[in-house]
Amino acid sequence: MKFRNFKMVDYVVFGRGAFDQLDEILAPRRKGEAPMIFFVDYFFQGNEAFAKRIPLRGKDKIVYIDVTDEPKTKYVDKVRDELVAEFGEVSGIIGIGGGSVMDMAKAVSLMMKNPGSSADYQGWDLVKVAGVYKVGIPTLSGTGAEVSRTCVLTGPTRKLGMNSDFTPFDQIVLDPELIKGVPANQQFYTAMDCYIHCIESLQGTYLNAFSRSYGEEALRLCQEIFLEKNTWDDDADEKLMMASYAGGMSIAYSQVGVAHAVSYGLSYLLGTKHGIGNCIVFDKLEEFYPEGVREFKQMVKKHNIDIPQGITKGLSDEQFNAMIDVSLGMAPLWENALGKDWKEQMTRERLRTLYEQF
């Protein structure tokens, strides 16, 4: 047998206030006058108190990342070109925000050292050269972007990640203080990305003891937070942050499944954000994940969360076909969910019927 030899994050720091160690963490990674570039979620723009906590030195720069839409390849290329024109070389890129900001940090880091467009590297193991030093600091928890080997991008023809051993962060900083006070709906949608990771991983054909160990712990934490707790407290922030980490690790040695494969099509065509897109899809997947969907609906009801309905109503055949094309391009996800004969099971007609439910 041949086993996957996958790359993990090199360094992890966890704890309340860990963000304040960032200056010390970055110091040995600085290269002369080449700056550190801080990608910060535009949610923090105008927050001077937060900006003052970012350890700027010399030519360091804060770049506020617009996450109105999930990262597009043209946005990655634009930011890369601007940094090259302004600085030539940079010492590193630090992504501070949710999954989209962290994915932007990973993608631009890679494109600082690889030629062409980021669209050229959408797929598996197409990146051949390591990027510049990169750090991930989540201010939302659930996506697992802090530990994954991909950065998901929407390109000219598809939504697909730059999946490679060069994609994971060199360092992550997990500070539960940074996710405190996230609006309930946003918190839920992002956290459910983690929950769905676990369900898809634990029921997938790629499952092994490595994936199961992380997936079961992440699932237990999600169940405790969203079903057992009646108030959101500091303990919930800490456990959600660790659930996100463990959920991301679970799929590192396996894969996600039907919900992610289908939601990629929604995102590509309609711009649906990843967390809410997964919730819209998972809500209708009883035939694939009956127990997981039943529990998900309990969580939705308990926390008074709105799951949008009817978003594909009135779409044209051409639009449905565009979503189907993107979804069926996610071969590893479908194989994990349905097995090697997934193409016989998930026909275009069956997938069209599924899309019509959302």
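## Briefing on a predicted model

Val256 sits in the loop that joins helix H7 (234–252) to helix H8 (258–270), where helices (H or I, at least four residues) and strands (E, at least two) are DSSP runs numbered from the N terminus. The structure is a predicted model, in which local features need pLDDT of at least 70 and side-chain atom pairs count only at pLDDT 80 or more, while totals for chains, interfaces and linings use all residues. Residues are numbered from 1 along each chain as its sequence is written, and side-chain values use heavy atoms, with hydrogens and water left out.

- Val256 counts as buried at 6% relative accessibility, the term buried meaning under 20% relative accessible area, with exposed over 50% and partly exposed in between (1.4 Å probe, protein chains only).
- Leaving aside residues up to four places away in sequence, Val256 touches His197, Glu200, Ile251, Leu333 and Asn336, a contact being heavy atoms within 4.5 Å.
- Val256 and Trp334 are 78 residues apart in sequence, and their C-alpha atoms are 8.5 Å apart in space.

- Among the buried residues of H9 are His274, Asn278, Cys279 and Phe282, and the cover over the buried residues of H9 includes strand S8 (159–163), helix H5 (184–202), H8 and helix H10 (290–302).
- UniProt, in an unreviewed entry, lists residues 189–291 as "domain: Fe-containing alcohol dehydrogenase-like C-terminal"; UniProt positions are given here in the numbering used for this structure, feature names are shortened, and annotations may be inferred rather than shown by experiment.
- Over residues 189–291 the chain is 75% helix and 0% strand, with its end C-alpha atoms 19 Å apart.

**Cysteines**

- Zero disulfides are found in a search of the whole structure, a disulfide being a pair of cysteine sulfur atoms within 2.5 Å.
- Cys151 is buried, with a relative accessible area of 0%, and its sulfur is too far for a bond because the closest cysteine sulfur, in Cys194, is 20 Å away.
- Cys194 is likewise buried, at a relative accessible area of 0%, and its sulfur lies 3.8 Å from the closest cysteine sulfur, in Cys222, which is also too far for a bond.

**Cavities and a pocket**

- The structure holds two cavities of 30 Å³ or more; on a 1 Å grid over the protein atoms alone, a cavity is a set of points where a 1.4 Å probe fits but cannot get out, a pocket is an open set with protein on both sides within 12 Å along at least five of seven lines, and lining residues have an atom within 4 Å of a point.
- The largest cavity has about 60 Å³ of space, a volume being the space filled by probe spheres set on grid points that are joined across faces, edges and corners.
- Residues lining the largest cavity include Phe6, Lys7, Arg149 and Met249, and its lining divides into six nonpolar, no polar and two charged residues, where Ala, Val, Leu, Ile, Met, Phe, Trp, Tyr, Cys and Pro count as nonpolar, Asp, Glu, Lys and Arg as charged, and the others, Gly among them, as polar.
- The second largest cavity has about 40 Å³ of space, and its lining consists of four nonpolar, three polar and no charged residues.
- The second largest pocket, with about 170 Å³ of space, is lined by Lys2, Phe3, Arg4, Tyr206, Asn208, Tyr253 and Ser254.
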